[in-house]
Amino acid sequence: MDRVDLAVVGGGVIGAVIAREAVAAFPGASVAVLERGLAGQGASSRSAGVHFPRGGTERVRSMSAYSQGVWERLAAELDLPIRTVDATVVSAGDVDGVSPVYLGLGDETAPAHDWAAAPGTRAWDLDGCHYADVQAVAGRVLAGLRDRVTVLEGTEVTELSSEGGYHRLTLGSGRELLARRVVLAPGPWIGHPAWAELVAPLGLRVKKVVAAHLEGAPAAGDPLVVFHDEDAFVLPLPERGHYLFSYTCDRWDVTPDGVGPALEPSDLDDARAVLGRFAPGLVDRCTSGRVFCDAYSADREPVVAELLPGLVFAGAANGSGYRLAPAIAAEAIAALDLTPTGTIPQPLQRQS
């Protein structure tokens, strides 16, 4: 039976950054990342990958600022596919109602386009924004760890139990793994039978997430436009030749395996209804898009919680898994409390 110091269940962007945080904090630790598909292939592959420095609470704003700094550093170190973008926030309210939510809100400016704001709205510059190919980011982070971390793709955890200070993970491949510590980073798969009962007390729910694609090639320098009042944004994607429109979909209690990859007619209808309120000129461009889901907490803050001694859940990012991944990872590793001296024991030897 194989033994490791730490098993990270989930190879999306959060799981990948947790693994990196673990080996940086505890050199010499044996770490395994278990992913039932390919790294970054789950919710990360559907993510818009947008980072803008904001948060509805002080904790989320702090997490956003921390994560921004980490992404900037990792982008340079690992040559990650992260692209900076100018940004504008538009709102019908005043700056006193908008500025507390955003870090780096700049001077008032004119809307970027005639279609970017309804009459009477105001606009402000927003610094510190970027977007990323999240699936590629997760894969590249893990690629840089493979000399120190065991990455098992196509490997589902079918059963999870605890005994004698260890956590036993039964794998779909027939193998078993004993881990001193475990971090569950399953994205929206919170209802997986192996850990559903453990996660249930957290009170999480899974919500459908939809982003529409707006036809029309973005012009050079087009900004990300954040519609504060609608909790929506339009992101130019020049490398794909269209814009992405993210809006709030209010369909709850879906499952990641039950949400198909294709849009439903109501998804585009809802997107067009939101667009019609502040950007009617874009409605006819809304013809396709992407759909998936994410886990949400009741207070809209990410959840990092110890479910059992040495077993931590990290997720429920409320649609901001990429944006807040470094801060979630830092909290998860801190929550493990590996040893009183702050160092993880040496890797356990493999036993037959």
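Predicted model: local features only at pLDDT ≥ 70, side-chain atom pairs only at ≥ 80, totals over all residues.
Cys 249 is in no disulfide. Its closest cysteine sulfur belongs to Cys 293, 11 Å away. A disulfide needs two cysteine sulfur atoms within 2.5 Å. The other topic here is strand β16, which covers residues 242-247.

**Cysteines**

- Cys 249 is buried, because its relative accessibility is 4% and the cut-off for buried is under 20%.
- The sulfur of Cys 286 has its closest cysteine sulfur in Cys 249, 13 Å off, so the two are too far apart for a bond.
- Cys 286 is also buried, with a relative accessible area of 1%.

**Strand β16: burial**

- In β16, 6 of the 6 residues are buried, so the rest of the structure largely encloses this strand.
- His 242, Leu 244 and Ser 246 point one way from β16.
- Tyr 243, Phe 245 and Tyr 247 point the other way, and all of these residues on both sides are buried.
- In a regular strand, side chains alternate between the two faces of the sheet.

**Strand β16: partners**

- Strand β13, residues 205-215, runs antiparallel to β16 and is joined to it by 6 bridges.
- Glu 215 has His 242 of β16 as its bridge partner.
- Strand β15, residues 232-237, also runs antiparallel to β16, with 5 bridges joining the two.
- Pro 236 has Tyr 243 of β16 as its bridge partner.

**The hairpin**

- β15 and β16 form a hairpin, with 4 residues between them.
- Gly 241 lies in the turn and has a positive phi of about 80°.

Key: Residues numbered from 1 in each chain as written. Heavy atoms only, no water. Buried < 20%, exposed > 50% of the residue type's maximum accessible area, 1.4 Å probe, protein only. Pairing = 2+ DSSP bridges.
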